[in-house]
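Dear colleague,

Please find below the structure that I am handing over to you. My findings follow it.

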Amino acid sequence: MMDAIVVGGGPSGLATAHAVIQARPGARVAVMERSDLRPRGATFGVCPNGMRALEAIRPELKQALMQHHCDYEQRVIYDRTGTRMPSPPGDSGKTRILQHGEYIQVAWHSLQSTLAEALPPGTLHTGHRFLGYSESSGGVAAQFETAQGVRTIEAGVLIGADGGQSAVRQALLGDGPPQFLGMAIWRAVRPRPAGWTDDHAVWGGIGQSIMVTALQGDLLCWQAFRPWPADKLHLIGGRRQAYIQENDGGSAAQQDGVGSASPSELGAERIRRCLDAFNEWPPHVLDLVATTDPLSVTEHGQFFRDPDTCQAYARGCVALVGDAAHLGTPMLSQGCSQALEDALELGRAIGQFGPTPEALAAYEAVRVPAASEVQRWSFKLLRQFQQGQPGPSEVDVNIDQGFIKRQHAPLVPAVTARSG
Ligand SMILES: Cc1cc2nc3c(=O)[nH]c(=O)nc-3n(C[C@H](O)[C@H](O)[C@H](O)COP(=O)(O)OP(=O)(O)OC[C@H]3O[C@@H](n4cnc5c(N)ncnc54)[C@H](O)[C@@H]3O)c2cc1C
């Protein structure tokens, strides 16, 4: 029997595994991930509070992640016709965040691979899709679909780290899917075209924009955002898990309702929809989209949960972390940092109480107030953005609400090692 099964090998799941092993040396932890680990996703920021949480879990993880940091100078702003706009005074955003600690910009898969490679061998199991679980007096028995058939694994606790469309959440709370926020997002990482000069730029603004960020290895990440009607959600993947492509586990194409279209045909359709959505924007920016390998383009709606409906992160032997627990909007750049804070506090609680319901309840008591507040502000900022209203910026909220100032005590390994 394992001590803990973690469902999901994204940032929250992998960091939770590290935290449990760090806090409780000798703990038997398994991370069950449905996909493989090939590069996917675009870039995101890890805020100073997230970096401190990662350091508190294991300082070496933070050092390893810093190697993937994509540093850039001031962001260049253009309107949707391509006319350069004045930059905010002193590029205040990044400078002001850096006053509160390290802030890094990394590719999603760099974070995933950094955390995965540092786990003890045999901890991470890819190709395992969570199906369901049952509770017993000694813990849980969880079922996974694998290429070899259904596998059942028993553990003291089950941790749902399976993202915004969490199956563990549905099995635990049954509160239905998250809400569609009325936004569509297209993203890709691609080679930098000859002559491309902008390392960090945004076209457009409130409500509709295309952002380009340079990555290591002469790569660029582009991300296009625009309002999208709910009655056309099915065209951009419906409620399909964000970022997952047709060849991840093979079931997303069926959910798309596209039958036998090949992954590259589907990718080409995504590019076409993105180009249609941004027609008449600067040609060289659209060319960046048009000449991207169709297989690397992701397309999805943006989803969110109301924080008032996210006040339970644990029940009995099952807990939720990261987006599975408190899916916010992307407006505060805090999704990953909150996932890392969850991992740290869950590890700390399991270090103190062992892999037990007491530990999960202690984790919930610490994290619900802290993560809810971030989730609530991320929603306020999204509404402001969608409605074109003036209001505090993402940076103002992160600083004024103290999110990026949060400090985290290091994990101290429990004296008691493996339990039974
Ligand atoms: C592939 C991917 C790419 C992303 N790229 C970006 C990005 O470029 N920019 C950005 O801002 N945010 C990105 N995100 C979202 C961001 O990482 C998260 O919002 C945040 O960091 C919280 O992380 P999480 O680990 O809780 O959830 P997630 O990052 O969503 O990770 C959840 C993990 O659980 C796995 N999973 C889901 N269902 C099951 C199941 N039934 N059985 C087993 N495993 C399951 C998923 O494959 C995934 O690896 C991405 C998420 C994913 C899954």
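Apart from neighbours within four places in sequence, glutamine 112 is in contact with Gly9, Leu14, Leu37 and Arg40. Please note that this is a predicted model. Glutamine 112 belongs to helix 5, which covers residues 108–117. Is glutamine 112 buried or exposed? Its relative accessibility is 2%, and the cut-off for buried is under 20%, so glutamine 112 counts as buried. The side chain of glutamine 112 also reaches the backbone oxygen of glycine 9, at 2.9 Å.

I turn next to the ligand. Around the ligand there are 29 residues, and the closest are Ser12, Glu33, Ala42, Trp108 and Asp323. By type, the shell comprises 10 nonpolar, 12 polar and seven charged residues.

On its own the ligand has 910 Å² of accessible area, of which the protein covers 93%. Helix 1 (11–23), strand 3 (43–46), strand 7 (129–136) and helix 11 (335–353) are the elements that each give two or more residues to the shell.

Finally, a word on confidence. The chain has a mean pLDDT of 90, with 92% of its residues at 70 or more. Over residues 245–258, however, pLDDT stays under 50.

Yours sincerely,
A colleague

Terms used. Residues numbered from 1 in each chain as written. Predicted model: local features only at pLDDT ≥ 70, side-chain atom pairs only at ≥ 80, totals over all residues. Heavy atoms only, no water. pLDDT = per-residue confidence, 0-100. Contact = heavy atoms within 4.5 Å. Helix = DSSP H or I, 4+ residues; strand = E, 2+ residues; numbered from the N terminus. Buried < 20%, exposed > 50% of the residue type's maximum accessible area, 1.4 Å probe, protein only. Polar contact = N/O pair within 3.5 Å; in protein donor to acceptor, adjacent residues only side chain to side chain. Near = heavy atom within 4 Å. Areas by Shrake-Rupley, 256 points an atom, 1.4 Å probe, with all protein chains shown as cover. Nonpolar A, V, L, I, M, F, W, Y, C, P; charged D, E, K, R; others polar.
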